[in-house]
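I wanted to write down each term beside the place where I used it.

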Amino acid sequence: MEGLPTKLNLGRRGVNIETKCPLCEKELESTSHALLYCTKLWDVWWSWTTCPINLLAENKEFVEVALLIMYAGTPKDLETLFATAWSIWYNRNRVVHESQCETPAQVWGFAQRIQGDYNGAMTVCQLRKQSPEAGWAAPPPEVYKINVDGATRVGGLSGVGVVIRDCRGLVLVAKSKVMAGSYEAGVTEALAVEEGVLLARERGLHQIIIESNSLEVVQAIRTRSSHGEAGTVVQGILVLLDSFCSWKVQHLKRDYNIVAHELAQMAKGSAESQTWEGVEPTMLQHLLLADRANC
Ligand SMILES: [Zn+2]
């Protein structure tokens with residue numbers, strides 16, 4: 001913590017500056033003064049009514065205070081300490097560099113928001129860890145993941161979207177294909193799988209995982225169903241799959257199959273098919289990047 005560039009710490013490092021606290025302009029600006037004991041911060045810290053220790057009772061180093069809170073309180077209390085200290089330091093820098101000063105209520109409110117955002121992000125991470133269904137995940141090395149989706153439009157041609165990615169989440173090929181006819185939803189979803197498998201075979205891939213957000217199609221392939229119009233497509237898919245060393249088909253919630261979904265929507269609304277080989281479709285880069293965050 002003594003690495004924090006307070007006035008006193010800078011002075012100790014030989015920087016020739018005024019070492020007084022920029023907020024109260026009375027005491028030396030040590031780390032503990034800047035984050036905890038400056039009189040101008042009292043109203044911020046007093047907003048923490050559930051603090052497990054008597055925070056400002058005696059002058060301690062910031063690290064000591066953190067340890068006391070760790071023993072006396074919960075992990076959430078420690079988060080509050082750090083979020084509030086961060087908010088205080090942020091405000092202090094604005095005073096020094098921008099001559100702007102927030103009220104204690106604003107500094108406290110900002111800390112609460114940071115903590116809320118942090119907890120929100122942690123919850124998402126934990127949910128992802130708990131449930132493999134909860135997000136797109138990269139395949140193991142040597143295996144390629146094929147995400148597919150179909151889109152139908154009343155009175156128009158159906159469209160399918162396919163994206164094949166490697167273990168780093170990088171795009172091998174992406175396709176937005178306008179189909180030759182108008183098919184019902186279940187058949188279009190099966191045709192999307194077929195398109196994905198065909199693309200994988202053309203590229204000479206050996207090990208694949210296919211992901212569709214259509215539970216119906218996933219189950220039809222797993223049970224080798226020949227039922228109905230989609231059943232005919234499923235039988236064709238099974239023949240194609242025989243040529244792979246290993247394959248797996250699994251369900252992914254629609255919300256996480258977003259790249260394939262967008263590619264299918266693109267096909268539905270356009271006159272011609274498009275293929276991207278080894279490059280990312282520019283308009284989907286943000287979604288691909290978000291998926292790669294799970295690699
Ligand atoms: Zn001060």
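**Ground rules.** I noted that this is a predicted model, in which local features need pLDDT of at least 70 and side-chain atom pairs count only at pLDDT 80 or more, while totals for chains, interfaces and linings use all residues. I also noted that residues are numbered from 1 along each chain as its sequence is written.

**Entry 1, helix H4.** I took helices (H or I, at least four residues) and strands (E, at least two) as DSSP runs, numbered from the N terminus. I counted a residue as buried if 20 or more other C-beta atoms lie within 10 Å of its own, as exposed if 12 or fewer do, and as partly exposed in between, with C-beta atoms placed from the backbone. In H4, residues 62-72, I found Phe 62, Val 65 and Ile 69 to be buried. Looking down the axis of H4, I saw that these buried residues fall within an arc of 60 degrees (taken over the directions from the helix axis to the C-beta atoms), so they line one face of the helix. I reminded myself that an α-helix has 3.6 residues a turn, so residues three or four places apart point the same way. On the face turned away from the buried side I found the exposed residues Val 63 and Tyr 71.

**Entry 2, H4 with H5.** I looked up what the buried residues of H4 pack against, and found helix H2 (31-37) and helix H5 (75-98). H4 and H5 pack at an angle of about 155 degrees, with their axes 8 Å apart, where axes are lines fitted to C-alpha atoms, for helices over the stretch in contact, and angles run from 0 to 180 degrees between N-to-C directions. H4 and H5 are therefore roughly antiparallel to each other, a term for angles over 145 degrees. Counting residues as in contact if their C-beta atoms, placed from the backbone, lie within 7 Å, I listed Ala 66, Ile 69 and Met 70 in H4 as meeting Asp 77, Leu 78 and Leu 81 in H5.

Ile 258, Val 259 and Glu 262 of H10 make the contact with Leu 287, Leu 288 and Asp 291 of H11. In H10, 10 of the 11 residues are buried, so this helix is largely enclosed by the rest of the structure.

How values were computed: Parallel < 35°, antiparallel > 145°, perpendicular 65-115°, else oblique.
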